[in-house]
Amino acid sequence: MTEAQDLFSLLRQSTDVDPQAIDAIRRTIAEGKDRELCRINALAFASKNGVDEERTISAFLHAARVGIFDISWNVLCPGCGGVLDTNATLKTMQKDEYTCALCSEGYSPTLDEMVEVTFTVSPRIRKIAAHTPHELPLVEYFRQIYLASGADLPEEDLAEKMEAFALEDIELAPGEKAVLPIQLPPEFVIVFEPVTHSAQFIDAKGEPTKERRSLSLVFDRDHVQNQTLEMQPGPLRISLENRTDTRVLPTVFIAGHALHDFLGKRRPFLTAKRLLTNQTFRDLYRTDTLDINQRLKITSLTFLFTDLRGSTELYERVGDLSAFDLVREHFQVLHEIVAAEAGAVVKTIGDAVMATFATPDRAVAAALRMRDAMHGLNEKSGREDLLLKIGVHAGPCIAVSMNERQDYFGQTVNIASRVQNLANAQAIFATRAVVDDNLTADLLRRNALTPVPHEVSLRGIEREIAVYTIP
């Protein structure tokens with residue numbers, strides 16, 4: 001435990017890491033079950049230990065940075081919640097489409113809900129069963145390796161839950177052959193293998209038969225799905241062959257209500273989108289996020305742009321030194337507010353800031369706080385020196401790597417920037433995509449603010465769009 005003690009001592013030296021979160025992490029590593037330390041869901045961890053989500057995420061990121069955890073970026077099937085691909089970094093996520101054999105569907109990955117970020121304890125700190133996943137029992141392989149951290153699984157009695165829809169299962173070593181006899185029920189049946197992600201569908205219907213049929217299945221890395229077979233219910237002899245270099249775990253499922261209910265129970269999890277908009281992540285992993293040739297889709301991200309109005313006149317009025325101090329203080333305040341609202345500053349351009357948020361309400365909350373903060377700074381100086389223009393817009397975009405840092409590209413970014421250009425120093429301008437958000441509407445109601453709509457033309461945008469003034 002000496003190395004662990006040293007790393008935790010190093011972790012505690014980080015002034016922006018919550019001590020309560022550190023204590024919860026250390027306690028779980030010391031006392032938790034093995035499965036509690038494999039692909040940890042940071043949001044579930046925060047809820048279980050009564051720690052703020054953002055502080056928990058920050059603590060896990062710092063802990064991973066010093067070597068206590070390994071980060072995993074897992075591509076998920078939105079249908080069954082299975083993990084289709086696992087990466088140590090986003091840079092290695094290069095496929096344009098992933099196919100789930102269990103759901104028989106193909107998906108183009110987005111960073112919103114199809115990529116989760118989890119944390120597994122480093123073997124240097126504590127050796128757990130999942131560090132050698134091909135030795136896990138079948139039930140724990142499904143829990144810890146195949147299913148995502150967003151699957152809402154029972155802590156105990158998982159095997160009993162799976163018995164409701166699993167007819168038979170068998171383990172095959174590399175190169176091994178076996179025969180699995182089953183009684184085929186009048187149901188839609190799936191022979192599913194979670195290691196190779198392969199499936200054989202059997203539609204069993206019609207009059208039952210006593211005739212014994214045979215089916216041969218080969219497991220390799222190339223053929224993950226076969227055409228659906230139609231068979232009569234009755235005895236079936238399944239010949240299985242493992243042609244991979246690892247063990248396989250073929251399991252016969254009844255694709256009925258019990259299986260769908262089991263796979264359909266979900267809980268919140270840390271998405272890649274949320275992590276990319278986290279200030280701690282951007283600070284710690286600034287140059288280690290995306291490959292220069294990657295273009296990763298985000299279905300909806302909220303952008304906030306700010307700019308100081310009349311900054312040139314400010315330098316002329318108060319002098320370079322005083323103006324520089326004021327502008328620097330304003331940047332520090334904006335950074336703190338963005339981080340406090342679970343956002344991240346992407347970049348600063350002159351006196352302007354570009355920030356991102358996972359949801360529109362957090363961006364609007366940040367904008368309101370920024371406006372109040374600028375009023376406070378002006379009151380302190382006794383002059384109206386800091387006049388902040390703010391624009392907010394939400395929509396789809398692409399995450400890219402530019403100038404050796406993670407950035408964003410697309411029409412949503414362009415519109416957000418142009419909306420900020422419309423704003424004056426007294427109001428916040430936001431688009432319909434922002435103000436129509438339910439959480440944003442609740443926030444504005446609580447603050448007794450009524451957005452005023454305008455139809456405006458923006459440079460480079462063919463159609464007029466609705467822009468709202470938040471007074």
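Mentor: In this predicted model, a helix is a DSSP run of H or I with at least four residues, and helices are numbered from the N terminus. With that in hand, we can say that helix H2 (19-31), helix H3 (42-49) and helix H5 (138-146) each supply at least two residues of the lining of the largest pocket.

Trainee: Which helix gives the most to that lining, and what makes a residue count as lining?

Mentor: H3 gives the most, with 6 residues. A residue counts as lining because it has an atom within 4 Å of a point of the pocket. The largest pocket holds about 620 Å³ of space, and of its 26 lining residues the closest to the centre are Arg35, Glu36, Ala44, Glu155 and Arg267.

Trainee: Why is the contact between aspartate 34 and arginine 126 called a salt bridge?

Mentor: The closest N and O atoms of aspartate 34 and arginine 126 are 2.8 Å apart, and the cut-off is within 4 Å, so the pair qualifies. Aspartate 34 lies in the loop between H2 and H3, and arginine 126 in the loop between strand S5 (115-121) and H5, so the pair ties together parts that are 92 residues apart in sequence.

Trainee: Are these two residues buried or partly exposed, and how do you know?

Mentor: Buried means under 20% relative accessible area. Arginine 126, at 19%, therefore counts as buried, whereas aspartate 34, at 28%, is partly exposed.

Trainee: What makes glutamate 156 and arginine 35 a salt bridge, and which parts of the chain does the pair tie together?

Mentor: Glutamate 156 lies in the loop between H5 and helix H6 (158-163) and arginine 35 in the loop between H2 and H3, so the pair joins parts that are 121 residues apart in sequence. Arginine 35 is buried at 18%, while glutamate 156 is partly exposed at 44%. Both belong to a network of salt bridges that also links Lys33, Glu140, Arg143 and Glu155.

Trainee: Why are tryptophan 73 and phenylalanine 281 called an aromatic pair, and of which kind?

Mentor: Their ring centres are 5.8 Å apart, with 65° between the planes. Rings pair if their centres lie within 6.5 Å, and planes over 60 degrees apart count as edge-to-face, so this pair is edge-to-face. Tryptophan 73 sits in strand S1 (residues 69-76) and phenylalanine 281 in helix H9 (residues 279-284), 208 residues apart, and both residues are buried.

Note on methods: Residues numbered from 1 in each chain as written. Predicted model: local features only at pLDDT ≥ 70, side-chain atom pairs only at ≥ 80, totals over all residues. Heavy atoms only, no water. Phe/Tyr/Trp six-rings, centres within 6.5 Å; stacked < 30°, edge-to-face > 60°. Buried < 20%, exposed > 50% of the residue type's maximum accessible area, 1.4 Å probe, protein only. 1 Å grid on protein atoms, 1.4 Å probe; cavity = no way out; pocket = protein on both sides within 12 Å on 5 of 7 lines; lining within 4 Å. Points joined across faces, edges and corners; volume = space filled by probe spheres on them. Salt bridge = Lys/Arg side-chain N within 4 Å of Asp/Glu carboxyl O.
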